[in-house]
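I will begin with the whole chain and then turn to its parts.

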Amino acid sequence: MGKRLGMFFVTIGLAAVMFGCAGKKEEGTDLPNGNKSTDEAKTLQENEEVELVVWGAEEDEALLQQIFESFMEEYKGQANFNISFAAQSEAGCKDALLADLEAGPDVFAFADDQLNVLVAAGALEPIENANQLKSENLPGAIEAASVADVLYAYPLTADNVYFLYYNKQYFNQKDVETFDRILQIAEDNGKRITMDWSSAWYVYAFFGNTGLQVGLNDDGITNYCTWNATKGDIKGVDVANAMLSIASSPAFLNTQESGFLEGIQDSSVIAGISGVWNAVAMKETLGANYGAAKLPTYTCANKQIQMASFSGYKLIGVNAYSKQYAWASKLAEWISNEENQQLRFEMRGQGPANKNAAASASVQESPAITALIEQSEFSCLQRIGSSFWDPVSAFATNMAAGNPEGKKLQELLDKMVEGITAP
């Protein structure tokens with residue numbers, strides 16, 4: 001599963017230009033794919049031949065085939081269906097789709113931070129039964145599927161948030177509340193704690209709740225950033241020093257996902273920051289000792305700061321150029337309904353965006369889902385321009401190494417922010 005799910009780089013201005021140039025579609029006007037924009041083109045016709053192509057993650061194929069079967073059973077007699085699946089990662093969906101939109105799939109799964117690009121490109125149209133979906137799904141998921149309060153996609157999952165996994169053999173629930181205590185226990189037992197500082201996605205955890213800011217400018221391309229601030233209760237150098245303090249512990253290990261899992265499996269790692277995509281492996285490896293919790297606090301400027309996280313959602317889109325738009329919309333709604341979000345959790349361990357499914361007993365009993373729900377209070381949608389990732393990764397990788405060249409922290413922070421805010 002992709003952790004840094006795409007990059008939002010198309011401007012809101014571009015969206016306005018594209019929609020402004022295109023103008024409102026006139027009734028009966030031919031679309032580039034040969035469709036008519038009349039209601040007739042998007043209504044269901046009895047006993048018609050319906051061919052639909054669905055893009056989804058390769059790991060979802062068995063799940064989606066089961067959902068296709070139930071869909072065809074539900075609408076048996078109303079049409080002759082031929083629904084085919086093609087593997088396409090949610091992370092790369094936008095680029096693959098926009099390479100040839102008219103020849104693209106009818107229905108597709110994608111990461112929420114690609115929504116604005118797809119809307120600007122005319123790939124998505126407003127959802128007709130938006131009020132119903134808003135009442136059925138979590139507010140955060142609806143926000144992630146909307147542009148300017150208009151719903152353009154069907155919420156599917158609400159689980160792309162990172163949190164803390166831990167081994168209950170070493171920690172109780174109180175222990176995992178602070179990074180200091182976690183490191184102390186790991187040091188006392190000759191074990192390691194992991195986090196991936198090569199990924200800016202995770203590094204946001206240290207800056208997100210400090211009052212230091214990062215985000216998109218109004219142009220939708222460039223970023224603003226105050227992570228190098230020299231005034232305020234918490235300054236940029238305070239965060240940098242906090243990271244250096246953590247990195248100096250013999251128990252801390254800066255590693256990617258593979259290193260985390262290998263360490264859990266060989267018992268050298270007893271806690272680490274990751275997401276639901278590792279829940280099955282954690283359960284299989286740790287059994288009764290498998291624990292999960294929201295991110296801990298960490299010491300910064302003599303304060304305990306709650307670690308933050310980016311949040312992400314998976315969405316289902318319907319191609320505006322689909323020749324079977326009405327049936328494609330029905331299938332998208334079916335894939336993302338309460339029952340099938342529950343099935344997705346049972347088969348794939350993915351957290352539902354649907355309120356009822358998220359409140360079900362089986363979901364609530366999942367340590368990983370419980371942890372991400374707790375962490376969601378300290379999360380925000382990832383809306384970042386592409387110049388964010390590399391400078392943050394370079395800065396944090398240097399912090400993880402202990403700033404070996406002894407460079408001034410303010411200079412390193414200034415360089416990082418210069419890169420983040422570059423045109």
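The entries below follow the order in which I looked things up.

**Entry 1: the whole chain.** I note at the start that this is a predicted model, and I keep that in mind for everything that follows. I looked up the overall make-up and found 18 helices and 18 strands in the protein chain. The chain has 423 residues, of which 54% count as buried. I also looked at contacts with a separation of 6 or more, and 76% of these are accounted for by residues 24 or more positions apart.

**Entry 2: an open sheet.** I then asked myself in what order the strands of the open sheet lie. Its five strands run β11-β8-β12-β7-β13, and I wrote down that the pairing is mixed. At the edges stand β11 (252-254) and β13 (290-293), and because each has a single partner strand, one side of each is left without a neighbour in the sheet. On average, neighbouring strands of this sheet are turned by 20° against each other, direction ignored.

Looking at one pair within the sheet, I found that strand β8 (residues 192-195) pairs with β11 in the parallel sense, over three bridges. For M195, the bridge partner in β11 is N254. I also noted helix α10 (residues 257-265), which packs on the sheet and touches β7 (163-167), β8 and β12 (269-274). The direction of α10 makes about 150° with that of β12.

**Entry 3: a hairpin.** Next I looked up strand β14 (residues 297-300) and strand β15 (residues 303-306), which pair in the antiparallel sense over four bridges. Y298 has I305 as its bridge partner in β15. The two strands β14 and β15 form a hairpin with two residues between them, and in the turn A301 has a positive phi of about 55°.

**Entry 4: two packed helices.** I reminded myself that two packed helices are described by the angle between their axes and the distance between the axes. Helix α2 (residues 61-74) packs against helix α12 (residues 325-335) at an angle of about 120°, and their axes are 10 Å apart. That angle makes α2 oblique to α12, and the crossing in which α2 passes α12 is right-handed.

Which residues of α2 and α12 make the contact? From α2 I listed L64, I67, F68, S70, F71 and E74, and from α12 I listed W327, K330, L331, W334 and I335. Sorted by class, this contact of α2 with α12 has eight nonpolar, one polar and two charged residues.

Notes. Residues numbered from 1 in each chain as written. Predicted model: local features only at pLDDT ≥ 70, side-chain atom pairs only at ≥ 80, totals over all residues. Heavy atoms only, no water. Axes fitted to C-alpha atoms, helices over the stretch in contact; angles between N-to-C directions. Parallel < 35°, antiparallel > 145°, perpendicular 65-115°, else oblique. Left-handed = near helix turned anticlockwise from the far one by under 90°. Contact = heavy atoms within 4.5 Å. Nonpolar A, V, L, I, M, F, W, Y, C, P; charged D, E, K, R; others polar. Pairing = 2+ DSSP bridges. Buried < 20%, exposed > 50% of the residue type's maximum accessible area, 1.4 Å probe, protein only.
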